[in-house]
Amino acid sequence: MGIVNSNIEYPRVILNSVPKSGTHLMKQIIEGIPGMLSYPNKFYEGHSTDRDLHYRELQLVPKGLLVTGHVYYSTLWSDMLREMQFKHIFLNRDLRDIVVSYTYFITDNFPSHPLHAYMLSLPSRKEQYLALIQGVFNLQYPSIATWYSQFIGWTREENSLQVHFEQLVGSHRSRRQTMERILLFLWDKNHLPLPKNKILEAMERNINPQGSYTFRRGRIGDWRFEFDEEVKTCFKEVAGHLLLVTGYEADYNW
């Protein structure tokens with residue numbers, strides 16, 4: 001592989017993602033960069049009441065380390081990352097596939113989730129999809145649109161690298177191009193710690209989707225096999241506009 005140039009400065013990196021958007025796969029790709037390590041702390045939600053705690057924790061992250069989180073967008077967090085010169089990567093995914101993946105995860109792997117018992121009480125997977133899309137008023141659980149909209153602000157951040165899960169699994173070429181974008185973003189015009197091709201090969205070798213207990217299929221467009229017309233209509237009414245905002249659809253004719 002070659003020897004990592006110890007004189008090259010590594011950035012501090014935060015991988016922020018929508019839950020069930022392929023965080024583990026993306027984390028493996030970044031961890032595959034020789035010399036890049038993960039920091040044990042994980043950040044969730046990023047409520048303003050946790051601002052001081054998160055600020056102190058982020059200050060402790062050395063350069064060359066990766067932290068991960070599912071942090072809602074806020075100017076507080078945006079300003080913190082800019083102040084501390086974190087390289088921020090935002091990982092997104094088709095919200096329809098998130099609904100499918102999150103539903104399976106809640107019912108099969110997440111017994112402490114607020115909807116776990118309720119989901120298991122429903123007669124079919126279809127009813128579970130409808131519940132997650134519409135929200136459950138009696139449990140004060142929001143619709144998928146309300147939940148997802150809390151992350152949308154990150155897609156408008158100029159200092160953030162936007163990555164779509166589909167770019168990582170669509171083809172070897174698209175994944176390779178995305179990894180090159182990541183390296184360019186992390187080091188900008190500075191020298192890389194190793195020749196680019198050596199780093200890309202190491203990033204590829206570190207990929208092992210089955211190494212995550214949250215991994216199910218990781219397919220693109222899985223929703224097409226799972227949603228019937230009623231579920232599709234419900235999704236369009238509740239969250240169809242978000243597919244337009246994020247560029248996954250140009251209209252409602254899907």
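User: Which residues does threonine 23 touch, not counting residues up to four places away in sequence?

Analyst: Good place to start! Contact means heavy atoms within 4.5 Å. Here, threonine 23 touches Leu15, Ser17, Val18, His70 and Leu91, leaving out residues up to four places away in sequence. Before we go on, note that this is a predicted model, where local features need pLDDT of at least 70, side-chain atom pairs count only at pLDDT 80 or more, and totals for chains, interfaces and linings use all residues. Residues are numbered from 1 along each chain as its sequence is written, and side-chain values use heavy atoms, with hydrogens and water left out.

User: Is threonine 23 buried or exposed?

Analyst: Buried means under 20% relative accessible area, exposed over 50%, and partly exposed in between, using a 1.4 Å probe and protein chains only. Threonine 23 has 16% relative accessibility, so this residue counts as buried.

User: Which side chain forms a polar contact with that of threonine 23?

Analyst: A polar contact is a pair of N or O atoms within 3.5 Å; within protein, one must be able to donate a hydrogen and the other to accept it, and residues adjacent in sequence count only if both atoms are side-chain atoms. For threonine 23, the partner is the side chain of serine 17, at 2.6 Å.

User: How does serine 38 compare with those cut-offs: what does its accessibility make it?

Analyst: Serine 38 counts as partly exposed, because its relative accessibility is 27%. Its side chain makes a polar contact of 2.4 Å with the side chain of glutamate 31.

User: In what order do the strands of the open sheet run?

Analyst: Helices (H or I, at least four residues) and strands (E, at least two) are DSSP runs, numbered from the N terminus. Two strands pair if DSSP finds at least two bridges between them. In this model, five strands form an open sheet in the order 2-3-1-4-5, with parallel pairing. Strand 2 (37-45) and strand 5 (160-164) stand at the edges with a single partner strand each, so one side of each has no neighbour in the sheet. Serine 38 is found in strand 2.

User: How many bridges join strand 1 to strand 4?

Analyst: Six bridges join strand 1 (residues 12-17) to strand 4 (residues 86-92), and the two run parallel. Valine 13 stands opposite lysine 87 in strand 4.
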